[in-house]
Amino acid sequence: MRIHFADLEKILKQILLKLAFPEHKATLCARIFAQNSLDGVYSHGVNRFPLFVQYVREGLIDIHAEPELTGKNGLVEYWHGHSGPGVYNAHKAMERAIELAKENGIGCVMLHHTNHWMRGGAYGWQAADAGCVGICFTNTIANMPPWGGKDARIGNNPLVIAVPRAQGHVVLDMALSQYAYGKLQENALSNKSLAVPGGYDKDGNLSTNPGHIIESFRALPIGFWKGHGLSLMLDILLTSLTGGLSVAKITESGKEANLSQCFICISPNQLHQQQVEEIIAFTKSSPLAKDADNILYPGEQALRKRHENEKEGIPVHESVWEEILALQ
């Protein structure tokens with residue numbers, strides 16, 4: 001089934017208002033969840049919304065909390081999220097990083113004790129829409145085994161890099177697992193196998209079955225040991241600079257809450273768009289490999305999905321939609 005963006009946004013906002021969200025927060029959070037789905041990231045949009053509501057009801061998300069500036073070192077600011085809604089805190093943090101960058105050329109906001117930001121790419125698009133380069137990353141609950149290990153000890157700590165572009169921003173939004181858990185869930189709902197192995201089953205075998213990987217909680221790091229190393233370094237950076245909780249401490253609770261995040265923004269005097277176009281054109285000039293349909297730059301698929309879903313409506317699994325309607 002397909003739902004129009006305005007209808008989805010309206011229903012999500014109504015649910016949040018029913019939960020006693022302040023008007024401005026309900027408006028922003030509903031818009032971000034709906035926009036994530038509009039861009040084809042259903043796993044961190046409409047599909048994830050019921051879990052977001054559950055965390056609010058469990059008290060893991062403080063709907064009235066506001067992020068607070070707790071320290072400053074030059075153009076680096078440190079903010080306490082006070083367990084507020086992750087999408088709201090992340091949007092405000094990138095908004096502040098943009099302000100710093102517009103004033104000084106660059107700005108950095110370190111945020112701790114916040115919640116899941118859902119689709120990290122949303123804040124990359126936010127920076128690019130403001131004409132800025134954006135870089136941001138977060139830690140997560142442990143959901144990948146370290147290279148050489150058997151049990152989950154590292155997070156799939158997403159990394160986002162965005163560059164503004166008139167014909168469509170270039171936005172890399174990637175988890176450090178071969179497939180994000182949201183994507184695994186999306187494939188499982190559709191009974192689709194993965195194109196390449198995405199993790200291990202409970203018997204320790206590489207698998208293309210998303211359900212088996214979700215069950216084992218053993219996603220495969222990108223680049224094997226390289227993904228393992230990058231995950232560790234992002235967690236070390238976040239935890240040591242913010243004083244927030246590490247993946248280890250987050251995992252102890254069993255709930256993906258009290259995360260740490262970093263938002264870096266650069267406002268260039270001049271962005272050499274000709275070089276950007278040259279790189280994209282050169283990349284796309286490669287002859288297609290067997291069974292490949294096209295070569296995409298990061299963010300291109302999201303833009304295509306946005307245009308498609310604006311015309312045809314946002315695809316929503318009927319079971320997910322019934323769950324959302326039950327929240328009204």
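1. Some terms come before the lining. Ala, Val, Leu, Ile, Met, Phe, Trp, Tyr, Cys and Pro count as nonpolar. Asp, Glu, Lys and Arg count as charged, and the others, Gly among them, as polar. Please keep in mind that this is a predicted model.

2. The largest cavity holds about 70 Å³ of space.

3. Now look at what surrounds that space. The lining of the largest cavity includes Arg 48, Leu 51, Phe 52, Tyr 55 and Ile 61. Gly 86, Asn 115, His 116, Met 118 and Glu 256 also line the largest cavity. By class, the lining residues are five nonpolar, three polar and two charged.

4. Which helix gives the most to the lining of the largest cavity? Helix 3, residues 49-57, does, with three residues.

5. Turn to the cysteines. The model has zero disulfides. A disulfide needs two cysteine sulfur atoms within 2.5 Å.

6. Take Cys 29. Its closest cysteine sulfur is in Cys 136, 17 Å away, so the sulfurs are too far apart for a bond. Cys 29 counts as buried because its relative accessibility is 0%.

7. Then check Cys 132. Its sulfur lies 3.8 Å from the closest cysteine sulfur, in Cys 265. The cut-off is 2.5 Å, so this pair is too far for a bond. Is Cys 132 buried or exposed? Cys 132 is buried, at 0% relative accessibility.

Terms used:
Residues numbered from 1 in each chain as written. Predicted model: local features only at pLDDT ≥ 70, side-chain atom pairs only at ≥ 80, totals over all residues. Heavy atoms only, no water. 1 Å grid on protein atoms, 1.4 Å probe; cavity = no way out; pocket = protein on both sides within 12 Å on 5 of 7 lines; lining within 4 Å. Points joined across faces, edges and corners; volume = space filled by probe spheres on them. Helix = DSSP H or I, 4+ residues; strand = E, 2+ residues; numbered from the N terminus. Buried < 20%, exposed > 50% of the residue type's maximum accessible area, 1.4 Å probe, protein only.
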